[in-house]
Structures are given as structure tokens and as C-alpha cells.
Amino acid sequence: MADKNKDKCKDKKDKATPFTHANPTDLALINQEYQKWKKLYEDALAQAPEKDKDLTTTSGRKVKELYTPSDVQKIDYLRDIGFPGEYPYTRGIHPTMYHGRYWTMRQFSGFGTAEDTNQRYKYLLANGQTGLSVAFHLPTLMGIDSDHPFAEGEIGKCGVAIDTLADMEILFDGIPLDKVSTSMTINPPAAVLWAMYIAVAEKQGVPKSIISGTIQNDILKEYIAQKTFIFPPRPSMKLIVDTFEYGAQEVPRWNTISISGYHIREAGATAAQELAFTLRDGIEYVEWALERGLKIDDFAPRLSFFFNAHNDFFEEIAKFRAARRIWAKVMKDRFGAKSPRSWWLRFHTQTSGVSLMAQQPYNNVIRVTIQALAAVMGGTQSLHTNSLDETYALPSEQAVTIALRTQQIIAHESGVINTIDPLGGSYYVEALTEAMEKEAWEYIRRIDDMGGMVKAIELGFPQREIMDSAYAYQQAIDKKEKIIVGVNAYQMEHEPIPILQIDETVTQKQLARLRQVKKMRNSGEVKRRLSDLKKAAEDDQNLMPYILACVKEYATLGEIIDTLKEVFGEYREPANF
Amino acid sequence: MEKKIRVLIAKPGLDGHDRGAKVICRALRDAGMEVIYTGLRRTPEEIVNAAIQEDVDVIGLSILSGAHNILFPRIIDLLKEKGAADIPVIAGGIIPDKDIPFLKQIGIKEIFLPGSSTTDIVHWIKENISI
């Protein structure tokens with residue numbers, strides 16, 4: 001397979017296959033005609049009552065009123081676009097794409113206690129969801145237990161409360177971990193939650209050699225955007241490389257990282273910034289892993305990505321296509337990966353949360369549909385669609401059902417999957433893909449020049465870029481240069497919608513369980529395992545086996561993270577704006 | 001020199017969503033106010049201490065985690081305890097409509113829900129905050 005691809009690459013270099021099939025004379029003629037048409041267009045526009053001020057994408061990128069062969073004259077079909085499942089994978093990473101297997105319908109989900117969420121998982125699986133995705137509550141995300149003072153008021157509100165292995169066992173009760181894959185959105189404590197999952201699977205009789213899933217485990221984007229960080233950058237990177245190493249050896253079907261752009265975009269980045277910072281984060285992780293001595297083809301196939309599907313339909317599709325092409329080149333040329341599996345950019349997508357509006361919430365169903373369609377037409381491997389009520393609360397059962405049906409209707413009724421990469425060849429989409437790729441490479445070079453992503457973060461570079469974009473976007477809305485239906489145009493009163501309530505009995509239940517676990521476990525063993533963990537951290541060992549030993553004794557997440565804090569320290573970001 | 005309105009923008013609790021808070025910080029600064037941002041994950045004690053130390057004219061709380069019913073009363077109580085009850089407190093983020101009467105009753109002066117414009121917030125502060 002590797003050799004076949006290598007030969008194809010060589011052949012592509014030798015023969016040019018210009019995408020436009022127009023020779024320079026034809027192109028000159030087309031351009032001439034375009035200029036004539038443009039005059040016609042501008043004259044008509046001057047008379048038009050509803051003329052738009054300028055043609056910009058959601059990200060503020062200026063686009064043309066029309067695209068022609070002139071705009072894609074430098075693009076070579078075989079070199080730049082190619083075929084699905086073949087380098088550079090612009091059209092998709094698999095030859096069959098959705099004809100062989102639909103994208104995984106994987107709704108991010110979690111609230112209240114493990115029992116509450118277990119029920120929701122069973123509901124979603126029974127209704128056609130094909131993969132699980134765990135949303136943990138804020139204390140878990142921050143590595144603290146439900147009985148910590150900082151957890152007060154936060155228990156079960158933004159996700160499911162998980163303090164120990166006992167909660168995890170309940171979370172997956174009745175769910176066969178050899179049959180379903182699970183993605184867990186967790187960052188600094190990712191190794192701990194992964195260890196808990198491994199332990200639950202083992203108790204089910206499912207060996208870690210066959211469990212399938214993902215841990216988000218992407219600390220760089222925490223400093224840049226999501227802000228659930230605990231330790232400083234360097235020890236955090238060490239912990240991540242530990243998971244790469246452990247995964248490669250012990251848990252081969254697991255994606256040990258989901259290199260994310262979703263949050264970067266939600267924080268205010270443009271599409272190009274989302275693309276560039278995500279891929280440069282990916283480059284950083286690869287460099288740190290190689291520095292540890294890991295072989296590229298041993299861990300690279302288990303790197304995965306996570307992108308946003310925002311409002312601007314074509315820009316998003318171009319972004320996904322550019323992402324695949326850039327990553328393939330990075331892995332092959334920059335890192336010399338030999339296995340095509342290392343060249344594949346596999347990604348999950350979530351529709352944009354920040355684009356949903358509280359005003360007239362049923363409108364959100366339409367927003368999510370457009371965004372989900374972009375993700376599918378952009379070739380995502382996995383998709384989460386937001387629920388209409390998420391500007392108010394975590395998804396209600398009714399709202400998440402509509403979100404899931406959105407994916408199913410796209411898959412079965414819209415026809416968009418009948419041909420692979422249906423927008424391939426569109427003058428606009430190919431030109432936009434090329435433009436996004438170019439802009440991303442520029443950012444990547446800039447960050448390389450700064451000394452890498454960890455350095456760029458220390459300098460505050462990506463954070464500032466994002467902040468500037470976020471502010472510009474808000475100003476455009478406040479000035480009505482960007483219209484948001486129901487918010488700065490077409491406003492109206494609307495009936496309140498029913499929303500999911502997390503009541504205070506969740507807190508009582510969780511605290512009671514935590515007390516019970518602490519009573520029932522072998523405190524001596526817990527202390528010993530935590531002590532072993534601390535020593536291993538001080539000795540710069542791979543911490544996964546030690547963390548696994550701790551969770552099996554029902555050490556709490558907080559106890560494990562506190563132990564690591566003693567060795568790694570804590571991170572506090574400067575309060576800039 | 002004209003005295004500027006001094007604003008403390010604070011993030012109470014564990015919530016790490018800071019896009020809104022930071023955008024507001026910039027908008028208020030561009031509107032001629034002095035803005036102090038507490039940074040993420042501050043306790044009620046830290047927020048109140050900062051407000052007093054920085055001698056601010058108004059406190060803006062930003063929270064999206066659902067912990068407002070616990071944290072806001074604590075902040076209000078601490079302000080009273082420390083003799084700073086005269087500093088008005090406003091809030092924004094994800095706050096269900098049904099919680100608003102309670103929050104206003106304990107002393108939150110105004111709540112800016114999703115979809116609020118920075119212009120409205122600047123306007124409210126200029127109209128309602130005396131220095």
C-alpha cells in the first residue's frame with residue numbers, strides 16, 4: 001500500500017493535470033469575458049435596493065462574487081485534489097467514505113449523576129447514535145472532587161459528575177465496551193479518566209487491547225482557548241506523550257488525542273486561525289513525541305482531530321479539505337512518516353455552539369442543519385449536532401432527539417452522500433480550499449519562527465489573535481454589519497421553551513456516594529498507590545500504569561491530580577484582554 | 001483630567017468561558033472606562049477583595065456554568081460584610097430566566113443575557129453608575 005502510493009506520488013509530479021483544462025489562451029478569453037460580466041454585475045448592483053455591503057464569510061474573509069476557471073488555474077487535479085483515500089486526501093481519507101461506513105453519530109452528552117447520564121446514553125444508542133461521547137462536569141474537568149469547596153454549586157451542572165471508578169462503573173453499566181466506542185472530553189485529567197475506562201472495561205471482561213475510543217487530551221488548546229488547564233505546559237506535554245506511548249503499546253485501538261480546533265473557533269478565531277492553530281498544535285505534539293524517542297508510524301495513526309462546523313457553509317467545507325491536504329503533507333514531508341495511516345487526518349466535528357442564539361431558539365435547528373451538512377460534505381468521520389436549547393441548558397431529551405434526527409435525515413434523505421466529495425471541482429470551493437491552505441501555512445511558519453507552539457503560547461500569540469478576531473466579530477454584530485436573525489434583526493418575543501433542570505438532589509447523591517466509596521475502599525492501598533505515583537512523577541516515569549493502579553483502588557480524581565500538582569505545579573494565566 | 005468609570009469584570013467559579021468577559025472588557029475600555037479583569041476561576045473572596053482594592057465603581061460577573069445561585073449571593077454578602085455594599089453588581093452569561101427574579105432580589109442590579117450588545121452594556125453603565 002505504501003509503495004503503491006509512493007509510485008503514484010512520483011507519477012503525479014511528472015505529469016501535470018491542470019484542473020481547469022483551459023490553456024492560457026482560453027484562460028485569457030475567459031478572464032476577458034469575466035471582466036465584461038463584472039461590469040454588468042456592478043451596474044445592476046448599483047441599482048439594486050438590497051445590495052450587500054461586502055461579500056465576506058463568517059470569518060471576515062473577502063470572497064468574490066463569482067469564481068471561474070481563472071481562479072483555479074494553478075491547481076493540478078492529481079497533485080492537489082486527487083482521489084478519496086489517496087494522498088493528499090483532499091477528497092477524503094478513505095476510498096469509500098460514507099459508502100463503506102457512515103460517519104459516527106456521536107452526541108456529546110452528560111449531566112447530573114452517572115445514573116442520569118447512563119440512562120441518556122442508553123436512550124441515544126437505542127435511537128440510532130453509533131458512538132458515545134462523555135461530557136464531564138466542571139469539577140471533573142478541573143481535576144477536583146465533588147466534595148471540594150470549589151465544586152459547590154457546580155455538581156452535575158455542565159456534565160456528569162465523576163469522582164472515582166465507582167461513578168465510571170455506573171456510567172457504563174449495561175453498555176458493552178467491546179461493542180461501542182467512547183470519546184471522552186477531558187484534558188489535564190485525561191490519563192485518569194482513561195485509566196478508569198480501561199478498568200471498567202476490564203471488569204466487563206473486555207481487554208484494553210480491543211477497547212475503542214478517544215480522549216481529547218489536548219492541552220495546548222486549553223491554554224489557547226478552552227482554559228481547563230491545571231499544570232504548566234511542559235509537564236502537561238509529558239503526560240500526553242505518556243499516553244501516546246502507553247496507547248501504542250497497550251491500547252492500540254484508542255485515539256490518545258483529539259487535536260482540537262473546535263474550542264479555538266468558539267473562542268473567536270477565524271476559520272483560517274482554527275485550521276492553522278490546530279494543525280500547528282498537532283505538529284507540536286508530534287515533535288514532543290519524537291523527542292521522547294517514539295517512532296512516528298507507531299503513534300501518528302492514533303492522532304485524531306476535532307473541528308468546528310460553523311455557519312459559513314462553503315468556508316467550512318474548504319477548511320476541512322485544506323486540513324486533510326496540509327496534514328498529509330506535514331506527516332509525509334516534514335516528519336517523513338512512511339505509513340499512509342500516519343498521513344490521514346481523521347476528525348470529529350461539532351456544530352458551533354457559539355452560533356446558537358437564545359432568541360427564538362427553534363431557529364437553532366436550522367443553523368445546526370446547515371452546519372451539519374457542511375461537516376458531512378467536508379468528509380468528517382464523526383459528528384455531534386448541537387441541540388436547540390443549548391443556549392439555555394444542557395440538552396433536553398426532546399432537543400437532543402431532533403439533533404440526532406438531523407444527522408439521520410442528512411444521511412438517508414438528502415442524497416449528499418451518494419457521491420464522494422460532491423463539491424470537489426467547484427471553482428469556488430477549490431479556490432477557497434487553496435486560499436485557506438495558503439493562509440494556514442503562513443501561520444504555521446510564523447509559529448515555527450517563534451520557536452514552536454508552546455513558545456507561542458508563552459508569548460500570548462494565538463490568544464491575542466483570537467481575542468482580536470472575537471472583538472472584531474462582536475463589533476460587526478453590534479454595528480449590524482453582520483446580521484444574526486432574531487438578535488439584531490427580525491426580533492420578536494417568543495414563548496419560553498422547556499429546559500433540562502439539574503436539581504440539588506444531584507449534589508446530595510454525589511456527595512453521599514463519594515463518602516461511601518471513601519469508607520469502603522482500602523485507604524492503606526490508596527495511600528501506597530498515590531505515593532508510588534508521586535515517586536514515578538518525580539522520576540519522570542510513564543505515569544499510566546501508576547494512575548491505573550490508583551484508580552483501581554478507588555483513589556479519587558482529586559487525590560490523583562493533587563498528587564501530580566505537588567510535582568508539576570499549577571498554571572495561572574495572565575489576566576489579559 | 002476627567003475621572004473614568006472603574007469596572008471590575010470577574011469570572012467566579014470554575015467556568016473557563018472567557019470570550020464574552022474579554023470582549024466586554026475591551027468594549028468598556030474603548031468606551032473610555034478603566035477596566036480590571038480578574039482572570040479565571042476566582043473565589044467570591046478574591047473578587048470582593050479585588051473590587052475593594054481597585055476601588056471600582058461597578059462589578060460585572062460573567063458566569064456560564066450554572067453556579068450563579070450559589071456564588072452570586074455569596075459575593076453580595078461579602079460586599080455587605082466588608083462595607084462595600086454600595087458597589088453595584090451586574091451580571092451576564094448563561095442565566096435562566098426563572099433565576100432572574102431571585103438574583104435581582106438579592107441585589108444584582110441588571111443581568112445581560114446572550115444576545116446583549118456591548119453598546120447596550122456600555123450605555124447601561126454610563127446611565128446607571130455614578131462615580
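**View 1. Domain 2 and domain 3 of chain A in the predicted model.** The C-alpha centres of domain 2 and domain 3 of chain A are 27 Å apart. Contact between the two involves 33 residues of domain 2 of chain A and 23 residues of domain 3 of chain A, where residues are in contact if their C-beta atoms, placed from the backbone, lie within 7 Å. On the domain 2 side, helix 6 (165-171), helix 7 and helix 9 (233-250) of chain A each contribute at least two residues; helices (H or I, at least four residues) and strands (E, at least two) are DSSP runs, numbered from the N terminus. That side of domain 2 comprises 19 nonpolar, nine polar and five charged residues, with Ala, Val, Leu, Ile, Met, Phe, Trp, Tyr, Cys and Pro counted as nonpolar, Asp, Glu, Lys and Arg as charged, and the others, Gly among them, as polar. The domain assignment of chain A, automatic or from a database, lists domain 1 (20-74), domain 2 (96-478) and domain 3 (506-568). This is a predicted model, in which local features need pLDDT of at least 70 and side-chain atom pairs count only at pLDDT 80 or more, whereas totals for chains, interfaces and linings use all residues. Residues are numbered from 1 along each chain as its sequence is written, while chains are lettered from A and ligands numbered from 1 in the order in which they are written.

**View 2. The largest nonpolar core.** This core, a set of buried Ala, Val, Leu, Ile, Met, Phe, Trp, Tyr and Cys residues joined through C-beta atoms within 7 Å, has 196 residues. Buried here denotes 20 or more other C-beta atoms within 10 Å of a residue's own. Leu193(A), Ala195(A), Leu279(A), Ala440(A) and Ile547(A) have the most contacts inside the core. Helix 7 (residues 190-203) of chain A provides the largest share, 11 residues. Beyond its neighbours within four places in sequence, Leu279(A) is in contact with Ala323(A), Ile326(A), Trp327(A), Val330(A), Ala440(A) and Ile444(A).

**View 3. An open parallel sheet in chain A.** Five strands of chain A are arranged in the order 1-10-9-8-7, with parallel pairing; strands pair if DSSP finds at least two bridges between them. Strand 1 (104-105) and strand 7 (257-260) of chain A are the edge strands. Strand 8 (residues 303-309) and strand 9 (residues 347-351) of chain A pair over five bridges, and Phe306(A) stands opposite His348(A) of strand 9.

**View 4. The contact between chain B and chain A.** Here 28 residues of chain B are in contact with 31 residues of chain A. Helix 1 of chain B gives the largest share of the chain B side, five residues. By class, this side has 11 nonpolar, 11 polar and six charged residues.

Notes: Buried ≥ 20, exposed ≤ 12 C-beta atoms within 10 Å, placed from the backbone.
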